[in-house]
Amino acid sequence: MSTSVKKVQFSPFKERLYVIIGSIPMMTVLSISFGLIYQDYALNKFSLLGKSWHLSNVEKTSYDDEIPCIESEYLVLRSKFPSCAPKKCFRYFTDFLITEKEGKILLNMAEKGWLQSDNTDSANFLSIEKGTIKSGNSITKLKENLFSNEELLTYKSVKQSILNHVKTKFGVENLYLTNENQFTKFTNNNPKAELSKYWKRKIDMNEHQWQQYSVILFLNDFMADFYGSREVFKNINSSMILTIQPKLARVLIYSPGSENEHFFERLEYGNSYALKMPLTCDQNIKSN
């Protein structure tokens, strides 16, 4: 008894459709693989095909990299402040110094302050020490008694913890806080002043010669709260760059010279918040 096999014929459209459906599992595998590679190369710098590439990842909880200094920029500083000036140049961050609770308290302080003004510039700055908000070319005074004792104590404690950590981490003495701390609010609005263009490259030492250590405490999360505003560092004599993703309570510390020329990516959506804390070796600049 013979068995006949009937050949099934599909239209060209159905054949293409079945091929697409059959490729979905492979696409899923490729997507997962790319994600794992992304994590594996997080915060590593590399070049490919003559182009600069950079990847960073909020899964990283610390990063510590010593980089070459431009020694001429530090000669006078090291002579004037031998126990305080940076002995090496670096980029460093940690997620273990400040708690998320402390970060949220500081963010709440900043948000309360910004309610006192029209902060619709691309970059807005709030100073608790000076009691002011700067947006574009306008300056607004903060209301008195705006912050609770708990908030002010947390703010003071966070600053002191960061200062102590920098002293211990980099083995320096006679380093001080200043009154130049600023809460920053970056938006995707158009800039109202030249200084509001946070996406322009800058060198901290050129802006403030008294600044010997640069500190940024991030107060909300990349991707979850906004997209953009990653801090981008360019390496001297190299096409490679490094980006740091903001994350609530992440503390970024870096030397302020030309070795750390940097900028922030322009935001595509949301607002990014941070506290900038310049530290100084100069007793004439230190906070009271």
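The largest cavity of this predicted model is lined by T184, F186, F218, S229, P246, F264, S272, Y273 and A274. Residues are numbered from 1 along each chain as its sequence is written. As the model is predicted, local features need pLDDT of at least 70 and side-chain atom pairs count only at pLDDT 80 or more, while totals for chains, interfaces and linings use all residues; side-chain values use heavy atoms, without hydrogens and water.

Let me define a cavity: on a 1 Å grid over the protein atoms alone, it is a set of points where a 1.4 Å probe fits but cannot get out, and lining residues have an atom within 4 Å of a point. The largest cavity holds about 40 Å³ of space, a volume being the space filled by probe spheres set on points joined across faces, edges and corners. Strand β16 gives the largest share of its lining, 3 residues; strands are DSSP runs of E, at least two residues, numbered from the N terminus.

How many cavities of 30 Å³ or more does a search of the whole structure find? The search finds 2.

I turn now to the largest pocket, an open set of points with protein on both sides within 12 Å along at least five of seven lines. About 870 Å³ of space lies in this pocket. Among its 38 lining residues, F125, Q182, K202, E207 and K276 are the closest to its centre.

Key. Helices (H or I, at least four residues) and strands (E, at least two) are DSSP runs, numbered from the N terminus.
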